[in-house]
Amino acid sequence: MLARNPLAHWPPGRRAAATVEFAVVVPVLLVFVLGIIEMGRLVMVAQVNTNAAREGARYAAQGNVDTATVDTYLRTYLTAAGVSNAAAGTNTAVTVTIEAMSGTSTWTTVTDPSTQAAGTPLRVTVSANFNQQSWLPTRFFVGNNTQVQGVAVMRKE
């Protein structure tokens with residue numbers, strides 16, 4: 001018995017159509033999948049920064065700690081959460097700012113939140129450069145030097 005060709009029932013001009021259609025669709029599909037991955041990573045880093053800011057504000061409001069201690073605490077938290085280059089140094093991708101409200105609506109940077117009076121609002125801002133957090137080598141989906149920021153405010157106890 002002779003082996004039958006599975007493509008014999010197709011018209012002669014249609015045999016390569018599936019390959020051409022696949023070649024046209026794959027780049028578009030790949031762009032969508034990579035965009036979903038990149039946006040998901042952006043949202044994840046933003047959520048981690050918000051959680052870190054909340055942790056830092058709680059730590060600064062409760063304890064007798066200075067800004068350097070809160071900064072170290074937050075950088076350890078961010079490193080454990082998977083944020084790249086969060087450790088202090090020259091190549092850090094993360095900035096941490098601790099401010100206290102002075103007057104009615106002015107925020108000023110403080111070096112020692114433990115010296116603030118009870119009830120003073122403390123604002124902790126954690127900002128990360130997303131270029132150093134991205135899993136993709138290109139900046140096609142998110143522009144250059146995109147900052148992802150988390151902010152939390154708590155009153156000093």
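A salt bridge is counted here where a side-chain nitrogen of Lys or Arg lies within 4 Å of a carboxyl oxygen of Asp or Glu. The structure is a predicted model, in which local features need pLDDT of at least 70 and side-chain atom pairs count only at pLDDT 80 or more, whereas totals for chains, interfaces and linings use all residues. Residues are numbered from 1 along each chain as its sequence is written, and side-chain values use heavy atoms, with hydrogens and water left out.

Three salt bridges are present in the structure. One of them pairs Arg123 with Glu99, with 2.7 Å between the closest N and O atoms. Because Arg123 belongs to strand 3 (residues 121-129) and Glu99 to strand 1, this pair ties together parts that are 24 residues apart in sequence. Strands (E, at least two residues) and helices (H or I, at least four) are DSSP runs, numbered from the N terminus. Strand 1 itself covers residues 94-102.

Glu99 has a relative accessible area of 13% and is therefore buried, a label that means under 20%, while exposed means over 50% and partly exposed covers values in between (1.4 Å probe, protein chains only). Once neighbours within four places in sequence are set aside, Glu99 is in contact (heavy atoms within 4.5 Å) with Trp107, Thr108, Thr109, Val110, Pro121, Leu122, Arg123 and Thr125.

The helices hold salt bridges as well. In helix 1, Glu55 and Arg58 are three residues apart, about one turn of the helix, and their closest N and O atoms are 2.9 Å apart in a salt bridge. Glu55 is partly exposed at 23% relative accessibility, and Arg58 is partly exposed with a relative accessible area of 32%. In helix 2, Arg75 and Asp71 are four residues apart, again about one turn of the helix. Their salt bridge brings the closest N and O atoms to 2.9 Å, and both Arg75 and Asp71 are buried.

Turning to the aromatic rings, the structure has one aromatic pair. Tyr59 and Tyr73 are stacked, at 4.3 Å centre to centre with 25° between the planes. This pair links distant parts of the chain, with Tyr59 in helix 1 and Tyr73 in helix 2 (residues 67-80), 14 residues apart. Rings of Phe, Tyr and Trp (its six-membered ring) pair if their centres lie within 6.5 Å; planes under 30 degrees apart count as stacked, over 60 as edge-to-face and the rest as tilted. Tyr59 is partly exposed at 27% relative accessibility, and Tyr73 is partly exposed at 28%.
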